[in-house]
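Work through the exercises below with the sequence and the model open. Try each task before reading its solution.

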Amino acid sequence: MNIELILFIILATIAAVTSILVITRSNAVISAVFLVLNFFALAGLYLLLNAQFISVVQIIVYAGAIMVLFLFVIMLLRTDGEPRIFSDKRYIKYFALLISIFVFIQVSYLLLIGSPSKSVTGNQSASINSGTIETIGKELYTNYIIPFEVAGFLLLAATIGAIILAKKKFE
Amino acid sequence: MPFSNQEYLHLLPFIIIGVGIVFSVVIELITKKSREILPWFSILLFFSTALYSIYTIHNKYILFNGMIQVGGKAAIFNFIFNFAALLITMSSIGYLKKYGSNFGEYYILIQSAVLGMMVMAGSKDILMIFLGLELMSICFYVLAGLNRKKHSANEASLKYFLLGAFATGFVVYGIALIYGVTATTKIDILIQNFSAQSSNIIFVTGLILFIIGFSFKIAAFPFHMWVPDVYQGSATTVTGIMSTAGKAAAFSVLIITLTAVYTVNSPNIFSPYFAAIATLSMLFGSIVALTQDNLKRMLAYSSISHAGYMAIGLTASNSYSISGIIFYLAAYTFMNIGAFSIISIIEGENDSRTNIQNITGLNASKPMLAAFMSLFMFALAGIPPLAGFFGKYYVFIGAIKSGFTWLAIIGVFSSVISVYFYLRVVVFMYFKNPTEDINTDTSTFSYSAVIISGAMVLLLGLMPDLLLNLILSVVNW
């Protein structure tokens with residue numbers, strides 16, 4: 001059993017357990033903290049896949065910036081008086097459970113029956129370089145220049161939209 | 001890899017709109033008069049892009065390392081999107097003052113949405129489809145809730161956002177599975193390997209999820225539940241562009257990804273799916289629209305049934321029916337934008353006067369509006385010789401050629417049902433006495449939009465070959 005497999009099992013267990021904890025805790029702050037833990041585990045998984053840049057970005061952007069924002073919003077909004085929809089309507093709970101099991105069976109069936117492509121698991125030495133910031137930058141500015149620009153316009157439109165919806169003054 | 005100057009030149013339609021967006025943001029920033037300048041700037045942008053696209057329709061290129069294509073089908077779609085945005089901008093000038101959210105940003109968002117649609121129609125890579133889809137959808141979510149003081153607008157925006165995000169989730173999941181199997185996002189490579197992969201269950205599941213996501217966007221039957229509320233709650237002009245250009249963009253993606261597949265000696269494995277959603281959408285849309293009194297809601301249900309007619313073309317998926325879909329989308333764009341422009345003229349403040357009772361006896365006070373409204377209603381019902389008739393005709397002929405005669409019969413049957421609620425509008429306008437006087441103080445630009453749409457509906461109806469030959473000459477590329 002090599003070290004990669006051991007690390008994968010540890011990180012995957014942490015990711016799975018924390019994501020279950022996120023949706024089962026009743027206190028929103030604790031849920032958010034477990035979500036941070038989940039992001040760290042995911043970052044470790046990315047590192048195992050030779051995606052160093054994405055792994056760092058995952059920690060800086062998601063676990064750092066976005067989750068801090070989340071926590072501030074949760075603390076500023078009072079969440080005590082939230083109605084508990086699932087305890088009111090039991091049939092929704094069972095329905096949701098049924099759908100989750102159905103989707104889980106479907107996905108496991110797909111992954112067990114279908115054959116993943118062979119080209120995805122390429123040779124190791126080439127893929128170590130593919131996750132570095134140089135390679136990603138070079139790809140973004142050459143082969144993927146058009147998607148990169150479109151993503152820029154997407155963010156511009158989203159920024160304008162958020163400002164209109166939140167701050168625009170009406171006369 | 002450096003790209004040649006030639007490639008940037010061919011990308012001109014995208015560059016015009018993209019640079020225009022940046023300029024519009026600057027104009028909005030530096031001058032208080034932006035709301036007077038930006039509509040005209042947008043009209044200039046849309047007009048030049050539409051003209052350039054149709055002018056370079058036979059210059060077909062795949063640019064930037066197989067990311068995007070210009071010319072051919074993409075050029076026709078660019079023409080439809082830009083023409084629709086142009087008409088909507090014209091009718092927005094007067095309407096937005098009445099609606100209470102006369103912002104310069106409105107026009108920037110319309111431009112961004114058009115850029116997203118153009119990216120979708122021109123994409124040769126699944127990544128581009130996703131980015132274009134998100135660019136268009138995010139602009140529409142914001143545009144739907146532009147006036148945050150209105151409950152109806154808030155409801156429309158939130159519903160559209162949640163269900164749209166849900167649909168996008170399907171698309172992304174589908175893309176992930178497709179990429180997981182084939183390790184590529186290039187559509188051309190996917191098409192080449194389609195026959196080999198079509199027995200792989202992960203690949204087919206990915207494609208099904210992808211198609212389901214876009215079935216949301218075209219507003220076909222089992223995925224239609226957002227349509228009536230969103231179309232009714234949004235600003236009328238926004239509904240106008242959402243229901244026409246937005247639908248055309250989603251259809252362009254389905255046409256690019258699917259019909260190319262079927263031509264490579266492989267059977268149309270998705271035709272049962274499209275046959276089912278076509279049948280259900282046509283019948284559901286037509287039957288539910290019978291009981292609607294609100295004009296915008298009625299047109300929303302009619303939009304569902306029109307999505308059904310167009311899905312017939314995807315079921316048949318021969319080159320004739322695909323040309324039929326594109327023609328139908330062009331015709332539908334002009335008919336629907338005309339109808340929504342007229343509603344935006346009649347509409348009063350606070351969403352009042354959008355019911356069918358409010359246009360009772362419109363002929364007495366506004367004979368021109370009544371005449372154009374009847375024209376659009378006849379066209380939507382598919383009465384010859386108007387544009388809507390030929391749209392349906394070509395799609396049905398395509399279906400019969402592929403052996404889907406029963407589907408064409410259901411289509412004709414559903415059209416017959418739909419005549420009732422379209423003609424009901426005409427009856428209210430002409431054969432009833434006015435109950436209230438309708439004072440409309442909308443600018444002349446709205447009337448120009450109505451007149452241009454009406455002219456296009458008549459032109460496409462009287463000389464359909466004009467557009468159809470153009471489409472047929474590019475459809476197999």
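A crossing of two helices is called left-handed if the near helix is turned anticlockwise from the far one by less than a right angle, and right-handed if clockwise. This is a predicted model, in which local features need pLDDT of at least 70, side-chain atom pairs count only at pLDDT 80 or more, and totals for chains, interfaces and linings use all residues. Residues are numbered from 1 along each chain as its sequence is written, chains are lettered from A and ligands numbered from 1 in the order in which they are written, and side-chain values use heavy atoms, with hydrogens and water left out.

**Exercise 1.** Describe how α15(B) and α17(B) cross.

Solution. 
- Step 1: Two packed helices are described by the angle between their axes and the distance between the axes.
- Step 2: Locate α15 at residues 319-346 and α17 at residues 367-381 of chain B. Helices are DSSP runs (H or I, at least four residues), strands likewise (E, at least two), both numbered from the N terminus.
- Step 3: The two axes come within 9 Å and cross at roughly 145°. Axes are lines fitted to C-alpha atoms, for helices over the stretch in contact, and angles run from 0 to 180 degrees between N-to-C directions.
- Step 4: The crossing of α15(B) and α17(B) is left-handed.
- Step 5: Residues making the contact (heavy atoms within 4.5 Å) include Phe334(B) and Ile342(B) of α15(B), and Phe372(B) and Met373(B) of α17(B).
- Step 6: By class, this contact has 15 nonpolar, two polar and no charged residues. Here Ala, Val, Leu, Ile, Met, Phe, Trp, Tyr, Cys and Pro count as nonpolar, Asp, Glu, Lys and Arg as charged, and the others, Gly among them, as polar.

**Exercise 2.** State how many residues of chain B and chain A are in contact, and how much area the chains bury.

Solution. 
- Step 1: In chain B, 45 residues are in contact with 32 residues of chain A.
- Step 2: The two chains bury about 3,200 Å² between them, 75% of it on carbon and sulfur atoms. Buried area is the accessible area (1.4 Å probe) that two parts lose on being put together, summed over both.
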